[in-house]
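User: I'd like to learn how to read pockets and packing in a protein model. Can you walk me through one?

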Amino acid sequence: LEPNNEWYLDSLYEVYNKTNQDEKVISTLKKLSTFHSDYKVDLVKYYYGKQQFSEALILLDELDLETTRDSNRDYLRMIIYRRGDFSQNKIDFYTKRVSQYPDDEENYLQLIFEYSNKGKEEKAFEIAQKLLAKKPETEQVHIALYKFYLDKKETEKAINSLHTVLKSTVVDLP
C-alpha cells in the first residue's frame, strides 16, 4: 500500500535478511538508501558478506562522493582490497586520495606498499620521495626508503633511513 514508506521497507529488509532472500534484500536496501546513506553502508556490508566485492567498492566510491571521508568505510575498503584482486583499484583510490589530501601520510604509504607489491619499485620510490619532500619529519617512509637505497647501492642513505626507523617511536618493529 505504501511502497516508499521507510519504516515498512526497513521491516521488510529485516525479514528478507533473516530469511536469506538475497535479491529482495538488495532491492530493498537500494530503495532504503534513498532515505539515508546508512542503508547504502548496510548494502556495502551485505555485498561484502556475499563476497560481491566489486559491487561493494562501487558503493563505497558513491558514498565517498556523497558524504565526507569516513574511517570506517576506509577500513572496509582496505579489507575488500585484501580479500580480492583489486590492486589497480587500490592504486587508483590512493592516487586520488594523495591529490585530495596531500598532507595525509597514510595515503602515500599505501601507494608505496601497493607499488612495491606489484614490483614497481621505481614508482614506489618516486612516491616515497614525494612524501619525504612533503613531510620531511616523517619516519614511516624510511621503512621503504632504506630498502630502495640498498637496491640503488646508496649505502649512506640506507644507513640513515634505517637509523630513523630504529630510533622511531612511531614505527612498529616486529
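Analyst: Let's start with the second largest pocket: α6 gives the largest share of its lining, 5 residues. This is a predicted model, where local features need pLDDT of at least 70, side-chain atom pairs count only at pLDDT 80 or more, and totals for chains, interfaces and linings use all residues. Residues are numbered from 1 along each chain as its sequence is written, and side-chain values use heavy atoms, leaving out hydrogens and water.

User: What counts as a pocket, and which residues line one?

Analyst: Rolling a probe the size of a water molecule over the atoms shows where empty space is left. On a 1 Å grid over the protein atoms alone, a pocket is an open set of points where a 1.4 Å probe fits, with protein on both sides within 12 Å along at least five of seven lines; lining residues have an atom within 4 Å of a point. Here, the second largest pocket has a volume of about 260 Å³, a volume being the space filled by probe spheres set on the points, with grid points joined across faces, edges and corners. Of its 15 lining residues, D61, D64, R77, F93 and K96 are the closest to the centre.

User: Which residue classes line the second largest pocket?

Analyst: Its lining has 5 nonpolar, 4 polar and 6 charged residues. Asp, Glu, Lys and Arg count as charged; Ala, Val, Leu, Ile, Met, Phe, Trp, Tyr, Cys and Pro as nonpolar; the others, Gly among them, as polar.

User: And how much space lies in the largest pocket?

Analyst: About 460 Å³. The lining has 7 nonpolar, 4 polar and 4 charged residues, and α7 gives the most to it, with 7 residues. Helices are DSSP runs (H or I, at least four residues), numbered from the N terminus.

User: How do I read aromatic pairs?

Analyst: Rings of Phe, Tyr and Trp (its six-membered ring) pair if their centres lie within 6.5 Å; planes under 30 degrees apart count as stacked, over 60 as edge-to-face and the rest as tilted. This structure holds 6 such pairs. The ring centres of Y48 and F53 are 5.7 Å apart with planes at 45°, so that pair is tilted. F125 and F148, by contrast, are edge-to-face, at 5.6 Å centre to centre and 80° between the planes.

User: Are F125 and F148 buried or exposed?

Analyst: Buried means under 20% relative accessible area, exposed over 50%, partly exposed in between (1.4 Å probe, protein chains only). Both F125 and F148 are buried, while Y48 is partly exposed at 22%.

Methods: Helices (H or I, at least four residues) and strands (E, at least two) are DSSP runs, numbered from the N terminus.
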